[in-house]
Amino acid sequence: MAEKILVIEDDEVFRAMLAEALSSKGFAPACAGSVEEGLARLAREPFDLVLTDVMLPGKSGIEAVSLIKELSPQTDVIVMTGYSTREKALEAVRRGAYDFFSKPFSLTELEIVIRRALERRGLRAELAVLRSTLATATGVPAIVGQSEGMRRVVEMIHRVAGLDTTVLVTGESGTGKEVVSDAIHALSRRATGPFIKVNCAAIPENLLESELFGHERGAFTGALALKKGKFELAQGGSILLDELGDMPLFLQPKLLRAVEQKRIERVGGQKPIDIDIRIIAATNQDLPRLVEEKQFRADLYYRLSVAVIHIPPLRERKEDLPLLVEHFLSRINVKLGVDLRGVSREAMGLLFEHDWPGNVRQLANVLERAAIMSSGEVLDAAQFREAFQARGGGAAVADADAGADHVVSLRQTLSDVERSMIEKALTRAGGVQKEAAALLGIGPKNLWNKIQKHGIDPARFCGQRT
């Protein structure tokens, strides 16, 4: 299939000449006379590469680079200009352009640069597949996200993985606690040992003690043979106690002994068994509150929370959505045997507007459902509306279509969505940037960079607290 190249150029004669030259070299060119027209075209269909002039009516080609990269991060951009200045070249590259040409230029030279850019795009795709394969082969899962919250999570994973200490992973349902636990084990010195996982909420209370600690033959009716528990099976490796907040009180003293002394006893047994394991616990519950309510032992909580990794909910790190979408689409392509290349601008706007009560797990499910209903290369907003409706999210979608007071138009670019979210946060915080950053789930420095990027004046929000 010929690579698709979008040419954004207001000079009709030069635009036609360039399109004809690209076509003769085996590419599939499409044309636009302005940045706005080009973005609209890019929102409707994917392109492998964009060639854009700098001097254009309306938005400039330099502005276009950022907008194109936000709309389609994997699409490379080459900038053309008749004004050969180092400043414009550096600005274009700083905003994400692959290369920069001054008119007039050699079409042969341009073809070489285009093919190099397309080759790099192919190598990036191969690298993503290799990384996914390597992660599967080595057992180290990909932690997807560049937000401040997720950078802290990754930093903590690397900090505690090699220490062999007990770790408590907290976060709402669907945030990825098991993925983080997998990474801790895979990066530890116990990576070659077993990793046993126990869902404390999924096992009936009368069976949980036997499942965890094992039992001797004849310990109770039906105990016809000796059975090793999960702690013994994890010898030399790690054990994940998932949904720890549901651990019944009567079992907590025995668990505390296992954590403190690394020693257990089977049900009906008299001989203590030493265990060499690492304990990782995970919960979506507020353990300090359970301690206050006498539903969880304080001493056990303190022993388990030596190192705590908290995973922020998706609604507090929406800047990670494009990366997460790309990550899940690559997995969906393999699973379903399809070739999805992204989502439309309107669809991405819809994803940004959703609150994601089910977090990353919900996002993955919605993307797969939309992919099943899609017949093209790009997922559009209509497919996501159907996916939300089918999974009980109709009210959220209706809200997303309804109010000018609460919702940003889905026809806006991702940049406009981000700007609107920042302005709303500043309004709610009365112009106090630290409070606005907390509302958005990002750091104050990150917020300031975004304020500068969008040219927002924080002073005009002072005193407008809502």
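This is a predicted model: local features need pLDDT of at least 70, side-chain atom pairs count only at pLDDT 80 or more; totals for chains, interfaces and linings use all residues.

Me: What makes glutamate 209 and lysine 254 a salt bridge?

Reply: The cut-off is 4 Å between a side-chain nitrogen of Lys or Arg and a carboxyl oxygen of Asp or Glu. Here the N to O distance is 3.0 Å, so the pair of glutamate 209 and lysine 254 qualifies. Glutamate 209 sits in helix α8 (residues 205–213) and lysine 254 in helix α10 (residues 252–261), so the bridge ties together parts that are 45 residues apart in sequence. As a general point, side chains of opposite charge can pair when their charged atoms come close.

Me: How many salt bridges are there in the whole structure?

Reply: The search finds 27 salt bridges. Another of them joins aspartate 276 and arginine 190, with the closest N and O atoms 2.7 Å apart. That pair links distant parts of the chain, 86 residues apart: aspartate 276 is in the loop between β12 (273–274) and β13 (278–283), and arginine 190 is in the loop between α7 (177–186) and β7.

Me: Is arginine 190 buried or exposed, and how do you know?

Reply: Its relative accessible area is 3%, and the limit for buried is under 20%, so arginine 190 is buried. Aspartate 276, at 42%, counts as partly exposed.

Me: What about glutamate 111 and arginine 115?

Reply: They form a salt bridge too, with the closest N and O atoms 3.1 Å apart. Both lie in helix α5 (residues 107–138), 4 residues apart, about one turn of the helix. Glutamate 111 has a relative accessible area of 18%, and under 20% means buried, so buried is its label. Arginine 115, at 38%, is partly exposed.

Me: Which strands of the open sheet stand at the edges, and why?

Reply: The sheet has 5 strands in the order β7-β10-β13-β6-β14, with parallel pairing. β7 (195–199) and β14 (307–310) are at the edges: each has a single partner strand, so one side of each is left without a neighbour in the sheet. From one strand to the next, the twist averages 20 degrees.

Me: What describes the packing of α6 and α7?

Reply: Helix α6 (residues 148–161) and α7 pack at an angle of about 35 degrees, with their axes 9 Å apart. The crossing is right-handed. Val153, Ile157 and Ala161 of α6 make the contact with Val180, Ala183 and Ile184 of α7.

Me: What makes this contact nonpolar by class?

Reply: Val, Ile and Ala count as nonpolar, and the contact of α6 with α7 has 6 nonpolar, no polar and no charged residues.

Key:
Residues are numbered from 1 along each chain as its sequence is written. Side-chain values use heavy atoms; hydrogens and water are left out. Two strands pair if DSSP finds at least two bridges between them. Helices (H or I, at least four residues) and strands (E, at least two) are DSSP runs, numbered from the N terminus. Axes are lines fitted to C-alpha atoms, for helices over the stretch in contact, and angles run from 0 to 180 degrees between N-to-C directions. Buried means under 20% relative accessible area, exposed over 50%, partly exposed in between (1.4 Å probe, protein chains only). A crossing is left-handed if the near helix is turned anticlockwise from the far one by less than a right angle, and right-handed if clockwise. Contact means heavy atoms within 4.5 Å.
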